[in-house]
Amino acid sequence: MVHLIASINSLFWGSLLILLLVGTGIFFTIRLRFVQVRKFRKGIKQLTGDFDLNGKDADHNGMSSFQALATAIAAQVGTGNLAGAATAIVSGGPGAIFWMWVSAFFGMSTIYAEAILSQLFKKKVEGEVTGGPAYYIEELFNKGVLAKILAVFFSLSCILAFRSWWNGVQANSIGEAVQNAFNISPYITGAVVALLGGFVFFGGS
């Protein structure tokens, strides 16, 4: 079983993944005429136009551009951006930084396309606006059987990833880093991380 999982892991986390991620980014970059360059100035202007340290909190009417950015960063920046980048440099040397820049550049157009599709196909359910890949996958595949299978598969994968795997990987990375740096038990670090997370989950600051 371990060998099977290792084989699947090497397949999807090898050249195939690089081809799919970078290839999709190149496709959208060309299709959207280098939107990450053309609209860079406009994006910065929209981002900083309503920035206010004393601004109001997000409510049912929506959130500001900066609040949306902060929310997106909270979801995007994690173990892969920190421990993953360090692992890449250790494994591939300083040259790995260049290729991370290249993939990040083309990845901008991919995330832009995802965000636009989410806005185009969002729906209002029970008075609340909702959307995302599960919705636009179903719409773009004309609500067929394949569309439902892909949408359900994506949703279940997100539930499994966010509920256990993703959190576990990040907590483990924090625990190992603190243990190596300060010789503190991962159990203590885990308890502190869980406590801090609890303040956020249950409405604290």
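User: Among contacts in the protein between residues at least 6 apart in sequence, what percentage join residues at least 24 apart?

Analyst: A contact is defined as heavy atoms within 4.5 Å. Of the contacts between residues at least 6 apart in sequence, 33% join residues at least 24 apart. This is a predicted model, in which local features need pLDDT of at least 70 and side-chain atom pairs count only at pLDDT 80 or more, while totals for chains, interfaces and linings use all residues. Residues are numbered from 1 along each chain as its sequence is written, and side-chain values use heavy atoms, with hydrogens and water left out.

User: How many helices and strands does the protein have, and in what order do the elements run?

Analyst: Helices (H or I, at least four residues) and strands (E, at least two) are DSSP runs, numbered from the N terminus. The protein has 10 helices and 2 strands. From the N terminus on, the order is α-α-α-α-α-α-α-β-β-α-α-α. Taken along the principal axes, the box filled by the C-alpha atoms is roughly 50 × 45 × 40 Å.

User: What share of the residues is buried, and what is the accessible surface of the protein?

Analyst: Buried means under 20% relative accessible area, exposed means over 50%, and partly exposed lies in between (1.4 Å probe, protein chains only). Of the 205 residues in the protein, 13% are buried. Accessible areas come from the Shrake-Rupley method with a 1.4 Å probe, and for residues only the protein chains shown count as cover. The accessible surface of the protein is about 16,100 Å², and 69% of that area belongs to carbon and sulfur atoms.

User: Is serine 109 buried or exposed, and which residues does serine 109 contact?

Analyst: Serine 109 lies in helix H7 (residues 95–120). Its relative accessible area is 0%, so serine 109 is buried. Apart from neighbours within four places in sequence, serine 109 is in contact with Gly25, Phe28, Thr29, Leu32, Val35 and Gln36.

User: Is leucine 21 buried or exposed, and how far apart in space are leucine 21 and serine 103?

Analyst: Leucine 21, in helix H2 (residues 15–31), is exposed because its relative accessible area is 54%. From C-alpha to C-alpha, leucine 21 and serine 103 are 7.9 Å apart in space, although 82 residues apart in sequence.

User: What span does helix H10 reach, and which residues of H10 are buried?

Analyst: The expected span of a helix is 1.5 Å times one less than its number of residues. Helix H10 (residues 186–201) has 16 residues and reaches 22 Å from its first C-alpha to its last, close to the 22 Å expected. Thr189, Gly197 and Gly198 are buried in H10, and the buried residues of this helix pack against helix H9 (145–182). Threonine 189 counts as buried because its relative accessibility is 10%. Not counting residues up to four places away in sequence, threonine 189 touches Ile174, Gly175, Val178 and Ile184.

User: What volume does the second largest pocket have, and which residues are closest to its centre?

Analyst: Rolling a probe the size of a water molecule over the atoms shows where empty space is left. On a 1 Å grid over the protein atoms alone, a pocket is an open set of points where a 1.4 Å probe fits, with protein on both sides within 12 Å along at least five of seven lines; lining residues have an atom within 4 Å of a point. Grid points are joined across faces, edges and corners, and a volume is the space filled by probe spheres set on the points. The second largest pocket holds about 510 Å³ of space. Of its 17 lining residues, Asn167, Gln170, Val193, Gly197 and Phe201 are the closest to its centre. Helix H5 (65–76), H9 and H10 each give two or more residues to this lining, and H10 gives the most, with 7 residues.

User: How many residues of each class does that lining have?

Analyst: Ala, Val, Leu, Ile, Met, Phe, Trp, Tyr, Cys and Pro count as nonpolar, Asp, Glu, Lys and Arg as charged, and the others, Gly among them, as polar. The lining of the second largest pocket has 11 nonpolar, 6 polar and no charged residues.

User: Where is arginine 33, and what is its phi?

Analyst: Most residues other than glycine have a negative phi. Arginine 33, which is not a glycine, has a positive phi of about 55°. Arginine 33 sits in the loop between H2 and helix H3 (35–38), and is exposed because its relative accessible area is 56%. Asparagine 183 also has a positive phi, near 60°; the loop between H9 and H10 holds asparagine 183.
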